[in-house]
Amino acid sequence: MAIGASFPHPGRIAWRFAANVFIGSTFVWVVLREFEGVNPIWAIAAMVASTDPQMDVATRMFRSRIINVFVGALVGLAFVLLGGSGEWMLPFALVATVLISSYVVRVPTMWRQAPITTALVIASVLSKQSTSTGIEVALHKVAEVFFGCVVGFVVSWMMSRLWPLPESSGPAAKGPDKDDRA
């Protein structure tokens, strides 16, 4: 099984990732519960996907996720505004998003976030009685995802300053041994 450089092996990386997730999810939950009608699950999922104990990985995940969320939101909104609110719009919008991601944007990390966001936008519109209400709900959900991404990145950055990992703490650098099980 292939694993990435920051896959949470037993040891410092796992504990740091767990701390990042605890701090980030607590912050997202506390902040978003103050807003009526907001379900923090999208923000928490985005936060988990955007945090990492290693800042180079967190930076790559954050950048990729933000770009792909932006692409998915734009394509979804374009299809809604130009194509109406028919159910058959969804598969065509997803195909367009995949092709735009593959041939234009070309950010391979987290590229699936673009069609997921497109589906989120269009499903929000299809579930509402009016297009404008659906667009408003979709934009709120996309904002929640952006918020979660920012929180994940900020928590990763703060934790890298407060609890730095040794340079060689990545599994690719030294493998899981007794010293890494701190």
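1. Let's start at Gln113, which sits in helix H5, a stretch covering residues 113-126. Please keep in mind from here on that this is a predicted model. Is Gln113 buried or exposed? With a relative accessible area of 8%, Gln113 is buried, because the cut-off for that class is under 20%. Beyond its neighbours within four places in sequence, Gln113 is in contact with Arg65, Asn68 and Val69.

2. Now for the overall picture. The protein chain has 7 helices and 0 strands, and from the N terminus on its elements run α-α-α-α-α-α-α. The chain holds 182 residues, of which 39% count as buried. Among the contacts with a separation of 6 or more, 74% come from residues 24 or more positions apart.

3. Two packed helices are described by the angle between their axes and the distance between the axes. Helix H3 spans residues 55-83 and helix H4 residues 89-105; they pack at an angle of about 140 degrees, with their axes 10 Å apart. H3 and H4 are therefore oblique to each other. The crossing in which H3 passes H4 is right-handed.

4. Which residues make this contact? On the H3 side they are Ile67, Asn68, Val71, Gly72, Val75, Phe79, Val80 and Gly83. H4 brings Met89, Phe92, Ala93, Ala96, Thr97, Ile100, Ser101 and Val105. Sorted by class, the contact of H3 with H4 has 11 nonpolar and 5 polar residues, and no charged ones.

5. Not counting residues up to four places away in sequence, Val75 touches Ala93, Thr97, Ile100 and Thr118.

6. Next comes the loop between H4 and H5, with two residues to check. Arg106 lies in this loop, just after H4, and takes a positive phi of about 55 degrees. That is a positive value in a residue other than glycine. At 62% relative accessibility, Arg106 counts as exposed. Met110 is found in the loop between H4 and H5 too. Although Met110 is not a glycine, it has a positive phi of about 60 degrees. Met110 is partly exposed, with a relative accessible area of 22%.

7. H5 and H6 form another helix pair to follow. They pack at an angle of about 145 degrees, with axes 7 Å apart, and their crossing is right-handed. From H5, Thr117, Leu120, Val121, Ser124 and Val125 meet Thr131, Gly134, Ile135, Val137, Ala138, Lys141 and Val142 in H6. The residues of the contact of H5 with H6 divide into 7 nonpolar, 4 polar and 1 charged.

8. Finally, the nonpolar cores. The largest has 15 residues, and those that touch the most other members are Val80, Val121, Ile122, Ile135, Val142 and Val145. Which helices each supply at least two residues of this core? They are H3, H4, H5 and helix H6 (131-162). H6 gives the most to this core, with 5 residues. Apart from it lies another core, of 9 residues, among them Val28, Leu32, Ile44 and Met159.

9. Leaving aside its neighbours within four places in sequence, Ile122 is in contact with Gly76, Phe79, Val80, Met89, Leu90 and Ala93. Of these, Phe79 and Val80 also belong to the H3 side of the contact with H4, and Met89 and Ala93 to the H4 side.

Technical notes: Residues are numbered from 1 along each chain as its sequence is written. This is a predicted model: local features need pLDDT of at least 70, side-chain atom pairs count only at pLDDT 80 or more; totals for chains, interfaces and linings use all residues. Side-chain values use heavy atoms; hydrogens and water are left out. Helices (H or I, at least four residues) and strands (E, at least two) are DSSP runs, numbered from the N terminus. Buried means under 20% relative accessible area, exposed over 50%, partly exposed in between (1.4 Å probe, protein chains only). Contact means heavy atoms within 4.5 Å. Axes are lines fitted to C-alpha atoms, for helices over the stretch in contact, and angles run from 0 to 180 degrees between N-to-C directions. Angles under 35 degrees count as roughly parallel, over 145 as roughly antiparallel, 65 to 115 as roughly perpendicular and the rest as oblique. A crossing is left-handed if the near helix is turned anticlockwise from the far one by less than a right angle, and right-handed if clockwise. Ala, Val, Leu, Ile, Met, Phe, Trp, Tyr, Cys and Pro count as nonpolar, Asp, Glu, Lys and Arg as charged, and the others, Gly among them, as polar. A nonpolar core is a set of buried Ala, Val, Leu, Ile, Met, Phe, Trp, Tyr and Cys residues joined through side-chain atoms within 4.5 Å.
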